Amino acid sequence: MKLYNYFRSSASFRVRIALQLKGLPYDYVPVHLVRAEHRQAAYAARLGDALVPALETDDGHTLGQSMAIIEYLDETHPAPPLLPGGALERARVRALAQMVACEIHPLNNLRVLKYLVHEIKVGDDAKNAWYHHWVRSGLEAFERQLALLAQERESACQAPSQYCWGDTPTLADCCLVPQIFNAQRFHVNLDGLPRTLAAFDGCMALPAFQQAQPSACPDAEA
């Protein structure tokens with residue numbers, strides 16, 4: 001397989017985590033977003049949205065969108081699973097993942113920040129305030145959801161979660177960790193999020209997450 005990605009792309013980071021958790025080998029193909037390499041014809045022809053990541057499968061198909069790619073990997077390489085076995089539990093994990101991938105990340109990715117600066121003409125202070133507001137409010141909601149799920153597990157006589165859900169990393173953790181990396185990079189206040197940061201710390205103690213992080217990528221920049 002080939003993974004077309006950018007080291008700072010949180011969506012790409014999600015897929016790198018999934019590949020590492022499953023122990024799947026792949027060729028790393030860098031696509032530099034800041035230099036607009038994703039818009040060049042050779043890459044843009046692969047996907048309708050010309051974004052990263054893109055996964056080229058062993059049989060030559062190209063897949064876009066990180067969540068779809070991760071679920072494809074989970075279906076084609078089911079061990080270790082990134083979604084629980086039960087329908088309710090899978091819905092819980094997908095909801096957590098989507099809180100990050102659908103509610104927090106789209107408001108703060110590079111395209112949006114560049115549009116704020118270049119088209120709407122906001123200054124750096126306003127851009128940073130936008131970023132901090134949406135990331136912080138989104139993570140506060142994530143923290144509240146983790147607290148509700150902890151109550152649910154306790155009522156069902158289940159052990160406390162070591163990660164976002166349960167005692168193994170899931171799709172939710174694949175989404176959370178890159179978002180925390182970005183929050184730290186932009187100096188977002190992360191105080192008062194004990195469950196969220198405990199899940200993050202648990203993940204970052206694992207080799208798969210360490211090997212997938214931006215600083216470990218061949219195209220990493222300071």
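Helices are DSSP runs of H or I of at least four residues, numbered from the N terminus. The legends below describe close-up views of a predicted model.

**Figure 1. Lining of the largest pocket.** Five helices, α1 (10-22), α3 (66-76), α4 (87-104), α5 (110-118) and α7 (171-185), each contribute at least two residues to the lining of the largest pocket. The volume of this pocket is about 780 Å³. Its lining comprises 34 residues, and those nearest the pocket centre are Ser-9, Leu-33, His-105, Asn-109 and Leu-110. Helix α5 provides the largest share of the lining, with 4 residues. By residue class, the lining of the largest pocket consists of 16 nonpolar, 11 polar and 7 charged residues.

**Figure 2. Lining of the second largest pocket.** The second largest pocket has a volume of about 160 Å³. Its lining is formed by Leu-146, Leu-149, Ala-150, Arg-153, Pro-160, Ser-161, Gln-162, Tyr-163, Cys-164, Arg-195, Ala-198 and Ala-199. Two or more of these lining residues come from each of α6 (124-155) and α8 (194-204). Helix α6 gives the most, with 4 residues. The lining of the second largest pocket divides into 8 nonpolar, 2 polar and 2 charged residues.

**Figure 3. Packing of α1 against α7.** The axes of α1 and α7 lie 8 Å apart, and the two helices pack at an angle of about 135 degrees. The helices α1 and α7 are therefore oblique to each other. Their crossing is right-handed. From α1, the residues in contact are Ser-10, Phe-13, Arg-14, Ile-17, Ala-18 and Leu-21, and they meet Cys-174, Cys-175, Val-177, Pro-178, Phe-181 and Asn-182 of α7. The residues of this contact comprise 9 nonpolar, 2 polar and 1 charged.

Figure 4. Pro-53 is located in the loop between α2 (41-44) and β3 (54-56). Pro-80 is located in the loop between α3 and α4.

**Figure 5. Backbone at Cys-157.** Although Cys-157 is not a glycine, its phi is positive, at about 60 degrees. Cys-157 belongs to the loop between α6 and α7.

Key. Residues are numbered from 1 along each chain as its sequence is written. This is a predicted model: local features need pLDDT of at least 70, side-chain atom pairs count only at pLDDT 80 or more; totals for chains, interfaces and linings use all residues. Side-chain values use heavy atoms; hydrogens and water are left out. On a 1 Å grid over the protein atoms alone, a cavity is a set of points where a 1.4 Å probe fits but cannot get out, and a pocket is an open set with protein on both sides within 12 Å along at least five of seven lines; lining residues have an atom within 4 Å of a point. Grid points are joined across faces, edges and corners, and a volume is the space filled by probe spheres set on the points. Ala, Val, Leu, Ile, Met, Phe, Trp, Tyr, Cys and Pro count as nonpolar, Asp, Glu, Lys and Arg as charged, and the others, Gly among them, as polar. Axes are lines fitted to C-alpha atoms, for helices over the stretch in contact, and angles run from 0 to 180 degrees between N-to-C directions. Angles under 35 degrees count as roughly parallel, over 145 as roughly antiparallel, 65 to 115 as roughly perpendicular and the rest as oblique. A crossing is left-handed if the near helix is turned anticlockwise from the far one by less than a right angle, and right-handed if clockwise. Contact means heavy atoms within 4.5 Å.
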